[in-house]
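Work through the exercises below with the model open beside you. Each task is followed by a solution in steps.

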Amino acid sequence: MESNLNRKDTSLVVVGSGIKFVSHITTETRIYIEHADKVLYLVNNPAMKEWIQKQNPHAESLDFLYTKYPLRLHCYRAITNFILETLRRNIHLCVVLYGHPAIFAQPALEAVIQAKKEGYYAKILPSISAEDCLFADLCIDPASHGCQSFEATDLLVRQRRIDPSSHLILWQVGSIGVLGHVRSHDNSKGAKLLLNHLIQYYHVDHQVILYEAAQYPHLEPRIDTLRLTELPEAPFSRISTLYVPPLCKVPCDEAMLITLGIKSTELQ
Ligand SMILES: C[S@@+](CC[C@H](N)C(=O)[O-])C[C@H]1O[C@@H](n2cnc3c(N)ncnc32)[C@H](O)[C@@H]1O
């Protein structure tokens, strides 16, 4: 397989390690990790850290920046700056983040945008995110009802509107209101606020799923079904994602069907 490493003398390639240990690493990602002059990584799995170090002896963890400041936002900025400073040494730099490296993972995305502005060759390779695992494990096709995906704290502070006829996915639902690095967090206040927001759209008995994709090949995903009203006592973790199934299917607009020459029986 061709990689761009030999074509130019400087590059920034941001890759994802996926969710499941090594199984989600693509061939292309592995090649970039192996051949980079330097690898920077921020992954949440100790085995993955070891694996990256083995692939490339010039690999360095970004963990020291991830906890450097009280606010995560400031840590993200420090990581973006560190990536750019490292790139400016004119090397082939590979940055590894867990999951998909551009999904709920601002620092490397910002670095790639800035690096491109500065004229560097920079790109992001897609990878498997927690949402991809959720679609597979819960047997959901986002096309069937449409799909909304929000960060849980963002949903609350912006009072975002939900379309209850679509699939709803809520990220970082186990650390509502946490903008720093609280190790053990009582999520019950945030979960109550989330419940209050959701019951504007759904019945309190609506069944939802607290989901954790398996992080190792021999493990099964965690799929806890609960009623909305049980949310404040739910066993959240830092990797929990909440799935809220659609309430109903939206009927077709007759005028639009006629305009497009489609019969409703031809649709899914
Ligand atoms: C900072 S985001 C990172 C997302 C990651 N870049 C991705 O592509 O999946 C962290 C959030 O991702 C979700 N997440 C991470 N690992 C997960 C897992 N194993 N199962 C379910 N959701 C997960 C949770 O919502 C968690 O709070």
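**Exercise 1.** Where is S166 placed, is S166 buried or exposed, and which residues does S166 touch?

*Solution.* Step 1: locate the residue. S166 sits in the loop between α7 and β7. Helices (H or I, at least four residues) and strands (E, at least two) are DSSP runs, numbered from the N terminus.
Step 1: check accessibility. The relative accessibility of S166 is 4%, so S166 counts as buried. Buried means under 20% relative accessible area, exposed over 50%, partly exposed in between (1.4 Å probe, protein chains only).
Step 2: list the partners. Not counting residues up to four places away in sequence, S166 touches H145, G146, C147, Q148, V244 and P246. Contact means heavy atoms within 4.5 Å.

Conventions for every exercise: this is a predicted model, where local features need pLDDT of at least 70, side-chain atom pairs count only at pLDDT 80 or more, and totals for chains, interfaces and linings use all residues. Residues are numbered from 1 along each chain as its sequence is written, and side-chain values use heavy atoms, with hydrogens and water left out.

**Exercise 2.** Describe the chain as a whole.

*Solution.* Step 1: count elements. The protein chain has nine helices and 10 strands.
Step 1: take the extent. Its C-alpha trace spans about 55 × 50 × 40 Å along the principal axes.
Step 2: take the burial. Of the 268 residues, 47% are buried.
Step 3: sort the contacts. Among those between residues at least 6 apart in sequence, 66% join residues at least 24 apart.

**Exercise 3.** At what angle do α1 and α2 pack, and which residues make the contact?

*Solution.* Two packed helices are described by the angle between their axes and the distance between the axes.
Step 1: read them. α1 and helix α2 (residues 46-55) pack at about 60°, with axes 8 Å apart. Axes are lines fitted to C-alpha atoms, for helices over the stretch in contact, and angles run from 0 to 180 degrees between N-to-C directions.
Step 2: classify. α1 and α2 are therefore oblique to each other. Angles under 35 degrees count as roughly parallel, over 145 as roughly antiparallel, 65 to 115 as roughly perpendicular and the rest as oblique.
Step 3: name the residues. R30, I33 and E34 of α1 meet W51, I52 and Q55 of α2.
Step 4: zoom in on I33. I33 belongs to helix α1 (residues 27-35). I33 counts as buried because its relative accessibility is 0%. Leaving out residues up to four places away in sequence, I33 touches V15, V39, W51, I52, Q55, N56, C94 and V96.

**Exercise 4.** What surrounds H24?

*Solution.* Step 1: H24 lies in the loop between β1 (11-16) and α1.
Step 1: H24 is buried, with a relative accessible area of 14%.
Step 2: a polar atom of the H24 side chain lies 3.1 Å from the backbone nitrogen of K20.
Step 3: beyond its neighbours within four places in sequence, H24 contacts S17, G18, I19, S127, I128 and C133.

**Exercise 5.** Which residues of α6 are buried, and what do they pack against?

*Solution.* Step 1: in helix α6 (residues 130-137), the buried residues are A130, E131, C133, L134 and F135.
Step 1: they pack against β6 (147-151), β7 (167-171), β8 (207-212) and β10 (241-244).
Step 2: look just past the helix. C139 takes a positive phi of about 55°.

How values were computed:
Polar contact = N/O pair within 3.5 Å; in protein donor to acceptor, adjacent residues only side chain to side chain.
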